[in-house]
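Please keep the structure open while reading the points below.

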Amino acid sequence: MYKNFFFSEKEKEEILKARQAITVFMKFGSNVKKSFYLQLKLALTLVPDLIGVLDESAEKMFPAKWVKMTANSKVLPSARDLFNVQAVSAKNGKVWLHTHGLCRCNMTELEILESDQNNYQNHYNLLSTYGMYLIDKKEEEDPYWNGTYIGRLINDHPVVVTCIPWIEGISEYKRLKLGGAKDRQSGHNTKTSILFLYTSEQDERNRVLSKVSIYDKLWGENPLFFFSDEETNRMRDLARERFFYVEENFQKKASSILIKVGLPLKESGSFEHIWFELLEIKGKKFKARLTQEPYADLGIHTGDEKWYTVKDVTDWIIYTENAAVNPSNAYLLED
């Protein structure tokens, strides 16, 4: 669901050898993605030949190629680029998930307590999706205790999440051995909140909280988490801006290229986004074969071949020998 930044051995070696760095401090404004975007541009302007960027607030590294590509793009970074989710595990198999980077966005950090080795990936995706939602949402309402419809389980049950300040939410946990007060004496002691679920409308009205683990047998292999309209549109714009990578690599006979096309739904004004296999490019048009059956009646079926333009594209994947490359990690295609 989310990118993992890749550093070549040469890049790692250069970063380890580095003896100088410039620190850029910035107070983020109301549009935190624009602030982060400006910060990247400033870093690149100050050090045009930079070898990487350490995001101290989010506690993660960005490769130089990603920084240059993002700073020179007309599309803002994703909300997901502004924070990091870390996992701390204990000997008993429990996992503590928590974010870094959200406080600089004038928000609370987020965490999930008492996750485990079998379910932490789904909990990670839940935490990441909710963090992105809080950054992208337009309303200024307080997130505490307010339910947010963030996804669906394999049984089609809605996933409604909320967050509670740590000092209040910790009372829901007894005999906590990981993520408690002792783990916050020298760090992780900033403004932070614990994620909980509402399992029904009645529970939400009465503020009856359920731990995230209550759905552990219902996540399945591929639970559905929702992107905001802002993130969906951002991904679409980025896919179109960087579509030239598809054209270049199709000419190089990449092993396989998939293109996601937005197909209009009758009478609703919305779209179903569905994957096609690229077959041919001719000028500003491309021919592709549908790889899956649409959910809606679109008059097209698996295996059908159609012509589209870049204006129809909402995402793409280029499969190379080393990686599955998408618009967000297209820096991997740079020499």
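This is a predicted model: local features need pLDDT of at least 70, side-chain atom pairs count only at pLDDT 80 or more; totals for chains, interfaces and linings use all residues.

Beyond its sequence neighbours up to four places away, Ser35 touches Met26, Phe28 and Gly29.

**Ser35**
- Ser35 sits in helix H2, which spans residues 32-46.
- Its relative accessibility is 10%, so Ser35 counts as buried, the cut-off being under 20%.
- A polar atom of the Ser35 side chain lies 2.9 Å from the backbone nitrogen of Gly29; Gly29 is also one of the residues that Ser35 touches.
- Lys74 is 39 residues from Ser35 along the chain, and the C-alpha atoms of the two are separated by 14 Å.

**Glu109**
- Glu109 belongs to strand E5 (residues 109-116).
- Glu109 is buried but has no salt bridge; Arg104, the nearest side chain of opposite charge, is 7.3 Å away, whereas a salt bridge requires atoms within 4 Å.
- The Glu109 side chain does reach the backbone nitrogen of Leu102, at 3.0 Å.
- Not counting residues up to four places away in sequence, Glu109 touches Thr99, His100, Gly101, Leu102 and Cys103, as well as Thr190, Lys191, Thr192 and Ser193.

**Helix H8**
- In helix H8 (residues 244-251), the buried residues are Tyr245, Val246, Asn249 and Phe250.
- These residues cover an arc of only 130° around the axis, which puts them on the same side of H8.
- An α-helix has 3.6 residues a turn, so residues three or four places apart point the same way.
- The buried residues of H8 pack against helix H3 (64-71) and against strands E10 (256-264), E11 (271-282) and E14 (313-319).

Methods: Residues are numbered from 1 along each chain as its sequence is written. Side-chain values use heavy atoms; hydrogens and water are left out. Buried means under 20% relative accessible area, exposed over 50%, partly exposed in between (1.4 Å probe, protein chains only). Helices (H or I, at least four residues) and strands (E, at least two) are DSSP runs, numbered from the N terminus. The arc is that of the directions from the helix axis to the C-beta atoms. Contact means heavy atoms within 4.5 Å. A polar contact is a pair of N or O atoms within 3.5 Å; within protein, one must be able to donate a hydrogen and the other to accept it, and residues adjacent in sequence count only if both atoms are side-chain atoms. Lys and Arg count as positive and Asp and Glu as negative; His and the chain ends are not counted.
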